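Dear colleague,

Please find the structure below, handed over for your study.

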Amino acid sequence: MADSTPAGAFIHAVEEYTVQQEPYYLPIGDEVQLFETAYEQRIPVLLKGPTGAGKTRFVEYMAWRLGHPFTRISARTGEEAEHRKPLITVACHEDLTASDLVGRYLLDTDGTRWVDGPLTRAVKIGAICYLDEVVEARKDTTVLIHPLTDYRRLLPIEKLGQVVEAADGFLLVISYNPGYQSALKDLKHSTRQRFISIEFGDPPKDQEAEIIAHEAGVTRDTAMDLAKLGEKVRNPREHGLSEGVSTRLLIYAGRLIHRGVPARRACQVSVTWSLTDDAEVQRSIEEVVTSIFE
Amino acid sequence: MTIVGELLARNHERLSGFPAPLEQQFEAGLRALAPRLTPSQLQIWSETGVDLTGLSLRSWEAAVEYFKAAPQLPANTTWDAIETLGREALTMAAESAPLAVSFLRSAPGALAAVGPNHLRQWADLGRRLYKGNWKSASLAAQFYDLGPQVFRVLRVSQSVRLVLFVDELSRHSYELASACLATAPAVLARLDEDDRLPFLAFAVELAQSSWADSRLYFERGASLLQKIHAPVRERYLLLAAQVARGHNRSAFQYFEEAALALGELEPDDHHRVVELAEQLAPYSPFAAMDFVTSTPRVLERIRVDELEPWQQAGLRILQLSHEGGEGYFRLQSSRGEDILDTLSARVELAKVGEILRLYCKALTGRNVSIQTTASLAEKGIGWIDEHRASTEGSTIFLPDLMERYTNKGENFAAMKVFATHQAAHIEFGSFDFDFERPGTVFPASRTTLVREGSQPVTDMERYFDLFPDRKLASDLYTIVEDARIDGAIKREYGGIRRPLGRMQAGEIANRPDVRRLPLRQAFVENLVRASLDGVEAVRWPKSRAQVMAQGLGLLQAIAAPGALVEDAAEATLRLYRIALAIPNVLEDQDDEDDWDPVAPSEGMQQMPVEGGDLGGEGSEMELSDVGEGGEEYQSPQDVDFRGDFKPELVQLLMKLRQDAQGGDAGQVQNMPLTPEQLAELLEKSVEIDLDSLMEGDLDSTTGMFMSNLMKEAGTPAQDKDAKKGEPRGDDSTGEGEGEEPLQPIVTVYYYDEWDFRAQDYKPRWCAIKEANLEEGAEDFYENTLREHAGLVSQTRKQFELMKPELFRKLKRLPEGEDFDLDAAIDWMVERKAGGQPNEKIYWRRNKIERDVAVAFLIDMSASTDEEINKREKKYEDDDYDDDPRKYLSWWVSKRRQELTSPPKRIIDLEKESTVLLMTALETIGDQYGIYGFSGYVRDNVEFFVIKDFDENLDHKIKKRLDKISPIRSTRMGPAIRHATFKLRETDAKIKILVLLSDGRPQDHGYGRDRTEKEYAIHDTKQALNEAKREGITPFALTVDRAGHDYLKTMCEDMGYEVVADIEALPSRLPTLYRRLTE
């Protein structure tokens, strides 16, 4: 199923990648139940929220969780065969075209050969297809996913003259960060209204501290301080600070601290300098850092 | 016959022809000298006198003086001296009788002053001034007349300088020389003896370089010199003399300014300052003097011992460039500012305000702003102290300077502690006090207390109404709440613990001696100490230890995690009771030993509170405070870093603000405040000291105060996004006519200016005043379109072609959407043929977005008023022969033509081009702004907004276009900088700045003098470079035919064009624009 390269990395075919270990995810609200119900009903899901808020982690966690109950024991062989949920993630960029998703002809020794794109594969095997930062992609790709997201659940492949019916397990999940995209790159309503939306905000301080403590392995107190820093730095929404600091950055800071980097320095490299290039704003954040950490 | 009689008789004949006094004086002189001289000497003396009479027509007057002097000669006058006197008189009288008269008249006095040995020297000095004309003669005569007075203040050798000076001056102006000479004795008399010679030395230098200043120097120099510490005066004058030497600059001005500056300093520092200046003088005496002049301002920012590093840094610049160094010491260079800033240990709020604002915003999560404490006091809303930090709930007020430590970092840390404390009041809810809400530490008891009286406006007022002694309650509450806040800060912000601890320790060290306070005040004082983390500094009589322990325990409980502002209120209630029970009397000084530290009681949060009132009327407790011969209660000394805490006022202000905004939706509609309620509150509250606000009677003060409050509440706190340009409101207007109903709003921005000689920026040198251009008639816009209908449709068409195709097919790519059929076939063929096929056989559609912002900067200087065809006289060839009727009809027709369509000026063409371009730009949808600039001198660069980036082309803007007209000078640099600022605010990918002008930059003070062009051109070039660095493409367009020479310097590698045919501008501009953006 997975080849091991000499370096020890695992190479998966895209549709064969499943989440093996339970990813750490701390539910903040009812998002897990919501997603499960949506999956049961095959309602596509839109994850909204700033970067580093845990959207991708959530999808991974849900893929693992949805795969988990399907662990079956084969009646014949008695072998345990985990039926895991495949997860196909596509990071969208501004040059991502429809054919990058659906597939294209490649040249072969004897002519051309059709190769399915990641979306087609997901549709065929019934995977969760996660289109990360979907607004970044070209508009034609968003139109492409329309028939997949309503009752039809079809993927037309124009070049082959085919229409693929989605396998039962297929679900489309997209993510979207309303913060930094300009008005030009807003998600179209015709697309948007095909999904239920789950919002990912910044987690409350206590929970964020718990996440940081778990992910970075720092003490509860340090995690609390980091979460406090996060809360404070998110307050001024101006001067290029519109994004605030992500939990991910706070975890990075935590990891550095855990490994012995002095707290102020760790916060400087992972929070202050990551957030902004404006010297004055950096200084202000720096002051918050030095107020919180000794 | 005596020798006297003999000589009288002998000379009678020669003297009798002159008026009678001559002979009388002769006789008097003879008689006076007879006892002192031998007969032969007396005879020589007589002959000299008689000879004097015959030299010229009026020389007999000299003879009179000669004889008259004899009786007055001092007793020690030797025969030699008398003989010399006679010889000198003869020589002088031969040249000028009046000269000799003056000489002889002053001789006795002068001889008395200088002694007989210096007579000749003195005579010579005077003669130096005599140049053979009557003016010089009278000057020399004046010198002799003043002789006795001069020698009272100068030695003969010293008076050489004076003569040198007067002589030098007389070459320019006898009047001036004479005036100076006349005042010299008095002026010199005012100086210390040692200063007189240096004073004259400088005067000589001054007379040589800028002689006109001499009068001023003589008038004011002496008193200016007095300002300088005596031992350094001479060195100072020598320094100033260097400026004068050989330069035609106004040396006196340098002398005066520097002397005044020194006068502001401590005399002990003069030596050091002058010494440092002397080091600069060899490179530039001007820099040296400017250094002295700037010192007081520099010392406002750094300490004296830091002056040398600052001077050294400037010296290094001076060695490289005179202009740079001089600018540095004139404080007109940003490098100078930077170095000053680095050296200075103090922290200025103006510099760190923005950092602290974001910091406080981060801490509080509210849109706080930062202002100086002085601005709070100015508001007149109850805060009086101009130095203590405070907050009124939305703005944090901090002192504008912090210099309590010798190190910048520590000063900043102190400022930060100040800011943090105020921010923490907001963050931890000091102003969110709710009377009904229970706390988390103490059980609520305040709700059970009996209250009486009026309807309180705020919860805080309601709370304080519980206390008969508001002052005590307010003091206790402040201590408790500050203790709670400091506790929270220390708990939540580990990083600030240390600087805060340091400040607390510093405060404790400065507290008054608790033993000398009356007991109740000592109790409060001890609480303050404890709240500053100084429980060990508490001293209290052993016999009363119980109450103090309770008090400290209460204070300790309030610092617990989770304590709310309501807990502070509860703790205050309990403390108040304890405090009231302590009589405010002085303990006997004898049992000082009994004052011991007290340990706080534990578990004070459980301390029961009895119901009933807090010692209302009739209560014995309440009476005890002043009634029983105790001292009147005084508030404890302020704690500096905690600033001014006025919760009652803040709540009132917040309430007023809420009212002003109509209250929050969904909230119970509050009753608006009545003036009576307000007045009552003001009277009750101890936070407002009406006496110190008082300017008239009580009523008008209250009234003024209330209106201030209302005003403050009516304007919700603004979030000023302080941009780089630092806009500032200014109510002055540009060109507004009187009846204009709406004055344009002028915003002022400051920009640096580049001084290419100094290779440095002059900081905040130019003030840009930005205002919308007035509106004129809309016809202009429509007319232009009609007039150039052909051109309009043509440019439109051109621009439509520029409209980007949304998608363009890119071919021959290594990967893409689909095969490019041609490339695929090639690939197949190549492959079958066994070759190496090109793998790039895909195509894809590439999206192109046009993302352009362009700013047009239009020169509105006076020179654009020039008519275009002034030089080309078109009508000259008209054949009207010599027929006057024909000529008349031609003239009439020409006039009519001029009236209906006046000749076009450059500005008209600029306007028309703009209109054409605007219509074109509207077609392709680029963002654009159109600005005009003009102005006069650096602090008045007018910047007119015709269309801002975020405005749409509507009739208002069309009207503004009409008003583009020639105004004043062309200071391009700041205008370009401001346009750059505007462009930077847009988020377009491609940013273009088009400068449209009619000639070179020029303004008053934009260069050494009016004719110099390098300075202006270099500044403009620098401004264009700055724009380029910001990713903006600058382009300069001029209609000045001579434009090539300076545009080449100005634009170097940037685009520029000289439009040769001015009238082609309207068609040329759109074409150029296309080229620029494609």
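Are K982(B) and E770(B) buried or exposed? Both K982(B) and E770(B) are buried. Their side chains meet in a salt bridge, with N and O 3.0 Å apart. K982(B) belongs to helix α40 (residues 972–985) of chain B and E770(B) to strand β10 (residues 760–772) of chain B, so the pair ties together parts that are 212 residues apart in sequence. Please keep in mind that this is a predicted model.

The two chains

Chain B has 1078 residues, of which 52% count as buried. Its secondary structure comprises 43 helices and 19 strands. Among the contacts in chain B with a separation of 6 or more, 73% are between residues 24 or more positions apart.

Chain A has 294 residues, and 51% of them count as buried. This chain contains 12 helices and 13 strands. Of the contacts in chain A between residues at least 6 apart in sequence, 68% join residues at least 24 apart.

Where the chains meet

The contact draws 39 residues from chain B and 36 residues from chain A. The size of an interface is often given as the accessible area lost when the parts come together. Here the area buried between chain B and chain A is about 3,100 Å², and carbon and sulfur atoms give 50% of that area.

Between the two chains there are 16 residue pairs in polar contact, counting pairs with both residues at pLDDT 80 or more. Several elements give two or more residues to the side of chain B that touches chain A, among them α20 (349–364), α22 (408–427) and α24 (470–492) of chain B. The largest share of that side, 10 residues, comes from α20(B).

Side chains of opposite charge can pair when their charged atoms come close. The rule finds 5 salt bridges across the interface of chain B and chain A. One such pairing joins the side chains of E492(B) and K228(A), at 3.3 Å from N to O.

Helix α24 of chain B

Helix α24(B) deserves a separate look. At 1.5 Å a residue, its 23 residues should span 33 Å, and the end C-alpha atoms are 32 Å apart, which agrees. Of these 23 residues, 20 are buried, so α24(B) is largely enclosed by the rest of the structure. At the start of the helix, a side-chain oxygen of D469(B) reaches to within 3.2 Å of the backbone nitrogen of K471(B).

K490(B) forms a salt bridge with D533(B), in which the closest N and O atoms are 2.7 Å apart. The pair links distant parts of the chain, 43 residues apart: K490(B) is in helix α24 of chain B, and D533(B) is in the loop between α26 (519–531) and β6 (540–541) of chain B. K490(B) is buried, with a relative accessible area of 16%.

A further salt bridge in chain B

Over all chains, the count comes to 55 salt bridges. Another of these joins the side chains of R404(B) and D640(B), at 2.3 Å from N to O. R404(B) lies in the loop between β5 (401–402) and α22 of chain B, and D640(B) in the loop between α29 (620–627) and α30 (647–660) of chain B, so the pair ties together parts that are 236 residues apart in sequence. R404(B) is partly exposed, with a relative accessible area of 37%, and D640(B) is partly exposed as well, at 27%.

Helix α2 of chain B

Which residues of α2(B) are buried? They are L22(B), F26(B), G29(B), L30(B) and L33(B). These residues cover an arc of only 100 degrees around the axis, which puts them on the same side of α2(B). They pack against α1 (3–15), α3 (39–53), α4 (59–72) and α5 (79–95) of chain B.

Two residues of chain A

Finally, two residues of chain A have a positive phi. Phi of E133(A) is near 50 degrees, although this residue is not a glycine. E133(A) sits in the loop between β9 (128–132) and α5 (139–144) of chain A, and it counts as buried at 14% relative accessibility. R153(A), also not a glycine, has a positive phi of about 50 degrees. R153(A) is found in the loop between α6 (146–149) and β10 (154–157) of chain A, and its relative accessibility of 16% counts as buried.

With kind regards

How values were computed. Residues are numbered from 1 along each chain as its sequence is written. Chains are lettered from A and ligands numbered from 1 in the order in which they are written. This is a predicted model: local features need pLDDT of at least 70, side-chain atom pairs count only at pLDDT 80 or more; totals for chains, interfaces and linings use all residues. Side-chain values use heavy atoms; hydrogens and water are left out. Buried means under 20% relative accessible area, exposed over 50%, partly exposed in between (1.4 Å probe, protein chains only). Helices (H or I, at least four residues) and strands (E, at least two) are DSSP runs, numbered from the N terminus. The arc is that of the directions from the helix axis to the C-beta atoms. Contact means heavy atoms within 4.5 Å. Buried area is the accessible area (1.4 Å probe) that two parts lose on being put together, summed over both. A salt bridge is a side-chain nitrogen of Lys or Arg within 4 Å of a carboxyl oxygen of Asp or Glu. A polar contact is a pair of N or O atoms within 3.5 Å; within protein, one must be able to donate a hydrogen and the other to accept it, and residues adjacent in sequence count only if both atoms are side-chain atoms. The expected span of a helix is 1.5 Å times one less than its number of residues.
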